[in-house]
Amino acid sequence: MPISRVTKLYSVQDAKISPLLTDPAGGSATYGTPIDVPGIQTMEISGSIEVKTLRGDNGPLATNSAISNIQVAVNYAKLSLDVLKTIIGGTVTDSGETPAQKSVWALSADTATLPPFRLEGVTPPNGVDIVGGDLHWVLNKLTLSAFPTLGFSQEDFRIASFTANADPLISTGAWISAVLNETAVAIDDGS
């Protein structure tokens, strides 16, 4: 007998993004090494539906609807230069030796490529109704829809965030999925 398709969703334990490397028509999408979204706090998925109504004879005759947009909003506690590079572009450069090491994320007009990426988030084990199970949300192809919220906050922690629009993969048409596991499974770390 299959597992129940109905569940609670409690919390988010982990999220990773992966650069989309290829998405050939008739082939398979390939992704780069997953990058942790450190201190994931929220992953909110929403969408828009465009409704067209055919009218005539002084009344409605037919209505058709289509999904016009799927969007995700992510808040995370710790800034990651690798996340910025993956979602906006730019370069990350490490230099120096202890005690003068530094790591610099730099964005220029030439490197602001807004590359496509994949996002996967997961509940903690037991974050679903199935004891020991979990649920993964997977968005296969995202592109930023607004510049990320960055910066500082006076006398408080600054939470980083971004929003992105989802598109179906060219290769398979895969857009979004919810994977309910009977036994909790970690997000693939690419190794």
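Asp36 and Lys16 join their side chains in a salt bridge, with 3.8 Å from N to O. This pair links distant parts of the chain. Asp36 belongs to strand S3 (residues 35–36), and Lys16 to strand S1 (residues 14–22). The two are 20 residues apart. The model is predicted.

How exposed are the two partners? Asp36 counts as partly exposed, because its relative accessibility is 35%. Lys16 has 15% relative accessibility, so Lys16 counts as buried.

## Other salt bridges

Side chains of opposite charge can pair when their charged atoms come close. Across the whole structure, a search finds 5 salt bridges. One of them joins Lys141 and Asp23, whose closest N and O atoms are 3.5 Å apart. Lys141 lies in strand S9 (residues 134–144), while Asp23 lies in the loop between S1 and strand S2 (30–31), so the pair ties together parts that are 118 residues apart in sequence. Lys141 counts as buried at 15% relative accessibility. Asp23 also counts as buried, at 14%.

Which residues do shared partners join into one network? They are Asp14, Lys16 and Asp36. Asp14 meets Lys16 in a salt bridge of 3.3 Å, N to O. Asp14 is buried, with a relative accessible area of 17%.

## The aromatic cluster

A search of the whole structure finds 2 aromatic pairs. Take Tyr76 and Phe162. Their ring centres are 6.1 Å apart and their planes stand at 65°, so the pair is edge-to-face. Tyr76 sits in strand S5 (residues 59–76) and Phe162 in strand S10. The two residues are 86 residues apart, and the pair links distant parts of the chain. Both Tyr76 and Phe162 are buried. For Phe162, the relative accessible area is 3%.

Phe117 and Phe162 form an edge-to-face pair too. Here the distance is 5.9 Å centre to centre, with 80° between the planes. Phe117 is in strand S8 and Phe162 in strand S10, so this pair ties together parts that are 45 residues apart in sequence. Tyr76, Phe117 and Phe162 make up one aromatic cluster.

Is Phe117 buried or exposed? Phe117 is buried, with a relative accessible area of 0%. Strand S8, where Phe117 lies, covers residues 117–122. Phe117 and Ile87 are 30 residues apart in sequence, and their C-alpha atoms are 6.8 Å apart in space.

Phe152 is exposed, with a relative accessible area of 82%. Its place is in the loop between S9 and strand S10 (160–166). Phe152 and Ala77 are 75 residues apart in sequence. In space, C-alpha to C-alpha, Phe152 and Ala77 are 12 Å apart.

## A surface patch and a charge over a ring

Which residues form a nonpolar patch on the surface? They are Leu9, Ile45, Trp137 and Ile176. Together they have about 300 Å² of accessible area. Ile176 is found in strand S11 (residues 176–181). Ile176 is partly exposed, with a relative accessible area of 31%.

Another contact involves Arg118 and Tyr31. The charged end of Arg118 sits over the ring of Tyr31, at 5.4 Å from the ring centre.

Notes:
Residues are numbered from 1 along each chain as its sequence is written. This is a predicted model: local features need pLDDT of at least 70, side-chain atom pairs count only at pLDDT 80 or more; totals for chains, interfaces and linings use all residues. Side-chain values use heavy atoms; hydrogens and water are left out. A salt bridge is a side-chain nitrogen of Lys or Arg within 4 Å of a carboxyl oxygen of Asp or Glu. Buried means under 20% relative accessible area, exposed over 50%, partly exposed in between (1.4 Å probe, protein chains only). Helices (H or I, at least four residues) and strands (E, at least two) are DSSP runs, numbered from the N terminus. Patches are made of residues with over 30% relative accessible area and no salt bridge: like charges are joined within 9 Å, nonpolar side chains (Val, Leu, Ile, Met, Phe, Trp, Tyr) within 5 Å. Accessible areas come from the Shrake-Rupley method with a 1.4 Å probe; for residues, only the protein chains shown count as cover. Rings of Phe, Tyr and Trp (its six-membered ring) pair if their centres lie within 6.5 Å; planes under 30 degrees apart count as stacked, over 60 as edge-to-face and the rest as tilted. A charge sits over a ring if NZ of Lys or CZ of Arg is within 6 Å of the ring centre and within 35 degrees of the ring normal.
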